[in-house]
Amino acid sequence: MNRLVTVAEMTLRELLRRRGVLLLLLLMPLTFYLIRRDAYLGQSVRSLLLGVGWAVSTAALFATTAARELEPRLRFAGYRPHHLYLGRMLGLWAVGLVISVPFFLLPLVDGADLRYGGLAAAMLCSVGVAAPFGMLIGTLLPRELEGTLLLLTVVTVQMLIDPAGSGAKLTPFWSSREIATWSVDHTDEGYLTRGVLHGFAVTALLVLSVAAVASVRLRRRRHLRHLPVG
Amino acid sequence: MNDDWLRTFAAELHHRRVAVDAARHVVAEAATHLRDSGGDPWVVFGPPQQYAGAIVESIGTAPGPRPGPVRLHARGITKRYGRKTVLRDATLTVRAGQIAAVVGANGCGKSTFLRICAGLISPDAGEVTVSGRLGYCPQSGGTADFLLADEHFVLVGAGQGVARGPARRAGRAAARQLGWEAGGNVQARHLSGGTRQKLNLTMSTLSEPDVLLLDEPYQGFDQGTYVNFWDQLSRLRDEGAAIVVVTHLLNQLDRVDTVLDLTPAQPSGRIAPGVRGGRP
């Protein structure tokens, strides 16, 4: 447990020290919200949620790429793969929650007529999905630029795809969009249920994928045999 | 000229297994005497090997653990990248209380060999057996840009269940052996290249490994730190660690017990079997 907490803490410390990057990442959700504010509140809130997802997944991508050289060394120091990826994920979820607070308060201050419980659930889904999603991309793509471009592509697809189409359900942040619709347009409970289920399923799938990839990358190689000290 | 004589003298004391601290003391005394008298060391003390022999007779040698049990045995290591074979049938055995150097020209597979020994990459053929805990220090990288040195020590310590305070203290003490006071409030990205390598090296020794793999860890070290580095290796060796150092600096080979030369022997580009040198 101490190992998990230590990795989570160090992830938090590292990210909070990247102030310039964090500020630039926070600009995106804010811009998304403000740019659509005059047209239609629903679109504005959905864009805000997508922006939060983008910010957290990009932070996760950076954290994962930065830890690439360090993690094999931590394996020698006694960490198991799950300490490393779960600890990092916990740290990223914590950062995501911190980032979410001002964006949760933004529509409130703006006087928007929303179901705020729904907005909170949508934020949680967005953060929940974004951390393992960014980590998965960071684990699969070794360079930040490639990962960022892939993230940008996903966010753009998510923004432009028809939400009613079946393909939209395959996009990672569809859950927060559904819950946001329930929250903004006061639609029936089906939107909330579908969104929450989708959020849980996608988060679980991404966490398992990160676990699988990290376990392979940090595995003990077959050619190396460890014996106890004789 | 004095420097050359003193360096040879120090290496000879080391080779004859005079305790590190005692050897340093004797060398410092000789240096002071030469400076004060202004004499030629070859006239004042004679050949360094002969004088080292006299010193050993006078103060004795440190009890060494050699020959210890085998800690690392890499056998028949072959690695190909595409059509290019970078390692062919390389073999190395290192016992507790020994330092092995892996030498060779650029691109001959020194780092690849070490990474295979560390289990970071797989060979196409061959196997490695390690007894005990493994430590690894890469040539560069391997630290977190935005963390302080103390936080690195805490992170490494937590892996072995060491509490924060003791982990910090152990890290600072190990850093001090390299002439670095590590307690400052400076993130790793703001450290100079040499200091960052000290952090790297300190992290790899912090877990008290039985087998320590070092990939040219002295990049950016100044002369004093470089000397401290080899002294620290000697100390770890005397405590029973098996150490493998990748190096291209051949002037320190008299401080090691075994040499694995990976330089291709044939001009045709074929790789000769790995072990071609060494001292028992």
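This is a predicted model: local features need pLDDT of at least 70, side-chain atom pairs count only at pLDDT 80 or more; totals for chains, interfaces and linings use all residues.

**Entry 1**

I looked up D231(B) and found it in a salt bridge with R24(B), with the closest N and O atoms 2.6 Å apart. D231(B) belongs to helix α9 of chain B and R24(B) to helix α2 (residues 20–37) of chain B, so this pair ties together parts that are 207 residues apart in sequence.

**Entry 2: chain B against chain A**

How many residues of each chain are in contact? I get 40 from chain B and 29 from chain A. The area buried between the two chains comes to about 3,100 Å², and carbon and sulfur atoms give 56% of that.

Next I checked for charge pairs across the interface of chain B and chain A, and the rule finds three salt bridges there. One that I looked up is E151(B) with R17(A), at 2.8 Å from N to O.

Which elements of chain B supply at least two residues each to the side that touches chain A? My list reads α5 (110–118), β4 (125–131), β5 (134–137), α6 (149–159) and α8 (193–206). Sorted by class, that side of chain B has 22 nonpolar, 13 polar and five charged residues.

**Entry 3: strands that pair across the chains**

I then followed β4(B) over to chain A. Strand β1 (residues 224–227) of chain A runs parallel to β4(B), and four bridges join them. For a landmark I noted L224(A), which stands opposite V128(B).

β4(B) also pairs within chain B: five bridges join it to β1(B), and here the two strands run antiparallel. The landmark on this side is L72(B), whose bridge partner in β4(B) is V130(B).

**Entry 4: the hairpin**

From β1(B) I went on to β2(B). Strand β1 (residues 70–81) and strand β2 (residues 84–95) of chain B are antiparallel, paired over eight bridges. V70(B) stands opposite R95(B). The two strands form a hairpin with two residues between them, and G82(B) in the turn has a positive phi of about 65°.

**Entry 5: the five-stranded sheet**

What is the strand order in the open sheet of chain B? I read β5-β6-β7-β3-β8, with parallel pairing. The edge strands are β5 and β8 (258–261), each of which pairs on one side only. Neighbouring strands in this sheet are turned by 15° against each other on average, direction ignored.

I zoomed in on one pair. Strand β3 (residues 98–103) of chain B is joined to β8(B) by four bridges, running parallel, and A100(B) stands opposite T258(B).

**Entry 6: helices lying across the sheet**

α5(B) lies across β3, β5, β6 (211–215), β7 (242–246) and β8 of chain B, at about 150° to β6(B). α5(B) is also one of the elements I listed for the side that touches chain A.

Helix α9 (residues 223–238) of chain B lies across β3, β6 and β7, at about 150° to β7(B).

Note on methods: Residues are numbered from 1 along each chain as its sequence is written. Chains are lettered from A and ligands numbered from 1 in the order in which they are written. Side-chain values use heavy atoms; hydrogens and water are left out. Contact means heavy atoms within 4.5 Å. Buried area is the accessible area (1.4 Å probe) that two parts lose on being put together, summed over both. A salt bridge is a side-chain nitrogen of Lys or Arg within 4 Å of a carboxyl oxygen of Asp or Glu. Ala, Val, Leu, Ile, Met, Phe, Trp, Tyr, Cys and Pro count as nonpolar, Asp, Glu, Lys and Arg as charged, and the others, Gly among them, as polar. Two strands pair if DSSP finds at least two bridges between them. Axes are lines fitted to C-alpha atoms, for helices over the stretch in contact, and angles run from 0 to 180 degrees between N-to-C directions.
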